Amino acid sequence: MNYLADSNRYAEMMYRRCGKSGLKLPAISLGLWHNFGRTDNLKTCRDILTCAFDNGITYFDLANNYGPPPGSAEENFGKMVSDNFKAYRDELVIATKAGYTMWNGPYGDWGSKKYLVSSLDQSLKRMKLDYVDIFYHHRPDLETPLEETMSALDLIVRQGKALYVGLSNYKTTEGVKAMTLLHRLGTPCIIHQPKYSMFERWVEDGLLELLAKEDVGCIPFSPLAQGMLTDRYLNGIPEDSRVAKGVGFLTPDHLTPDRIDTIEKLNHLAIERRQKLSQMALSWILKDRRIPSVLIGASRTQQVLDAVHCLDNMDFTSDELNKIESILK
Ligand SMILES: NC(=O)c1ccc[n+]([C@@H]2O[C@H](COP(=O)([O-])OP(=O)(O)OC[C@H]3O[C@@H](n4cnc5c(N)ncnc54)[C@H](OP(=O)(O)O)[C@@H]3O)[C@@H](O)[C@H]2O)c1
C-alpha cells in the first residue's frame, strides 16, 4: 500500500543529540514490544507507525523477542517497512536487541558472540533490512566474559550490520566496564536503555551521572510505567488494556488502592498544568538534558499524538516538582 508521509513531519518534533554521537533522536521514540505481534491487528500497527512518522518520530525500537510470538514484531515491522517506508529508510533510526531467550539450546540467549551475531542476522532477515541503526545488548550476562560480548558488538559494527551500539539494563558498575571496553575497541557505546519513570527511579542513583560523564545518551523505556502513569486505570481495568490482555508483566495486582490513589493525585496535578497525566509523566523525564529521548509504547494513534503533545508543556515550576515528589513519597 502506498504511503506518502506528511510533508510537515519535522515541524514540531524536538531532536536532541544522543550523547556526543552524531546521531540526533526525536524526543519521543516508539517501541514495538507490545501491540505489534502476530496476534495484533496489522492495520492498527500500520496506523500507529505512520502516525508516529508523520509527527516526526524517527526512532523505532525492536528486539529479537518482541511479539508474541518472539520475532513476530520484527516480521510485522519488516512487512510495513518494505510496503510503506521503503522510500524513507534513510529517515528512520531502527534499533533491535539481543540478550533474552530467543531460541532453544545453549546459543539462543545471553551474551556470547555466537548468539549475538546469529541473532542480529535473524533480525535483519525478519525485518528485510541490510543493517540496523542501533544494536543493543539487551541485558548483562554475568557468565560470558564482558570482553567477548563487547567485541561481538564491535564486530557487528565493523561488518556493517549496525551503525551504532548500545546497552540495555546494565547497572552502573557493569555499564562503566562495558563502556570502557567498547571505547578501547573503537566502537563507543552511544546509548543506554534503562527502565525509568516516576515510579521507577533507580537510574537516579548513579547511572545518569555515569552516562553524563561518559557522554552516552539515555533513552528510558516504560516511561508511563506500562500505562499506569496515564488515566487508563482510573475507572477500573478497560477490556482492551495491557492489564486486561494479560500478555505481559503488568498485572491487576500492580493496581493497588495506594497506587490508584497516587495516580489520581498525579492526574489532578497534570490537569492543573493543562496536560494529561501521560504527558506530564513524559515531560517530567525529558526535563533532564541527559535524556535525549523517551521510549513509549502505544496501542492506538491517539496515544502517539498525546505523547508528541507533551512537548507543548515541558517546563515545571519548583512548586510542581516538589508536589510530584511529595505525592510519590
Ligand atoms: N530494554 C528493555 O529491556 C525494554 C523493556 C521494556 C520495554 N522496552 C522498550 O520500551 C518501549 C515502551 O515500553 P512500554 O510499552 O512499557 O512503555 P509505556 O509508554 O510505559 O507504556 C505503553 C502503554 O501505556 C498505555 N498508554 C500509552 N499512552 C497512553 C495514553 N496517552 N493514555 C492512556 N494510556 C496510554 C498503553 O497501554 P494500553 O496497551 O493498555 O493501551 C501503552 O501500550 C517498548 O516498546 C520497548 O521498545 C525495552
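Predicted model: local features only at pLDDT ≥ 70, side-chain atom pairs only at ≥ 80, totals over all residues.
Reader: Which residues of helix 1 are buried?
Author: The buried set in helix 1 is C45, I48, L49, C51, A52 and F53. A residue is buried if 20 or more other C-beta atoms lie within 10 Å of its own, exposed if 12 or fewer, and partly exposed in between, with C-beta atoms placed from the backbone.

Reader: And what do the buried residues of helix 1 pack against?
Author: Their partners are strand 3 (28–31), helix 2 (72–85) and helix 10 (301–308). Contact here requires that the C-beta atoms of two residues, placed from the backbone, lie within 7 Å.

Reader: What follows helix 1?
Author: G56 follows helix 1, and the phi of G56 is positive, near 90 degrees.

Reader: Turning to helix pairs, at what angle do helix 5 and helix 6 pack?
Author: Helix 5 (residues 172–185) and helix 6 (residues 207–214) pack at about 15 degrees, and their axes are 9 Å apart. Axes are lines fitted to C-alpha atoms, for helices over the stretch in contact, and angles run from 0 to 180 degrees between N-to-C directions. Helix 5 and helix 6 are therefore roughly parallel to each other. Angles under 35 degrees count as roughly parallel, over 145 as roughly antiparallel, 65 to 115 as roughly perpendicular and the rest as oblique.

Reader: Is the crossing of helix 5 and helix 6 right-handed or left-handed?
Author: The crossing is right-handed. That label applies if the near helix is turned clockwise from the far one by less than a right angle, and left-handed applies if anticlockwise.

Reader: Which residues meet there, in helix 5 and helix 6?
Author: From helix 5, T172, G175, V176 and M179 meet L207, L210 and E214 of helix 6. The residues of this contact between helix 5 and helix 6 comprise 4 nonpolar, 2 polar and 1 charged. In this classification Ala, Val, Leu, Ile, Met, Phe, Trp, Tyr, Cys and Pro count as nonpolar, Asp, Glu, Lys and Arg as charged, and the others, Gly among them, as polar.

Reader: How do the axes of helix 3 and helix 4 cross?
Author: The axes of helix 3 and helix 4 (residues 146–158) cross at roughly 30 degrees and come within 9 Å. Helix 3 and helix 4 are therefore roughly parallel to each other, and helix 3 passes helix 4 in a right-handed crossing. On the helix 3 side the contact involves K113, L116, V117 and L120, and on the helix 4 side E148, S151, A152, L155 and I156. Sorted by class, the contact of helix 3 with helix 4 has 6 nonpolar, 1 polar and 2 charged residues.

Reader: What about helix 8 and helix 9, at what angle do they cross?
Author: The axes of helix 8 (residues 257–272) and helix 9 (residues 277–286) cross at roughly 85 degrees and come within 8 Å. Helix 8 and helix 9 are therefore roughly perpendicular to each other. Helix 8 contributes L266, N267, L269 and A270 to the contact, and helix 9 contributes L277, Q279 and M280.

Reader: Where is R274 found, and is R274 buried or exposed?
Author: R274 is in the loop between helix 8 and helix 9. With 10 C-beta neighbours inside 10 Å, R274 counts as exposed. The phi of R274 is positive, near 60 degrees, in a residue other than glycine.

Reader: Which phi does W110 have?
Author: W110 is not a glycine, yet its phi is positive, about 65 degrees. Most residues other than glycine have a negative phi, and most peptide bonds are trans. W110 lies in the loop between strand 5 (93–98) and helix 3 (113–127), and W110 is buried, with 21 other C-beta atoms within 10 Å.

Reader: Which residues does a cis peptide bond join?
Author: One joins G67 and P68, with omega about -5 degrees, and another joins P68 and P69, with omega about -10 degrees. P68 is placed in the loop between strand 4 (59–61) and helix 2.

Terms used. Residues numbered from 1 in each chain as written. Helix = DSSP H or I, 4+ residues; strand = E, 2+ residues; numbered from the N terminus.
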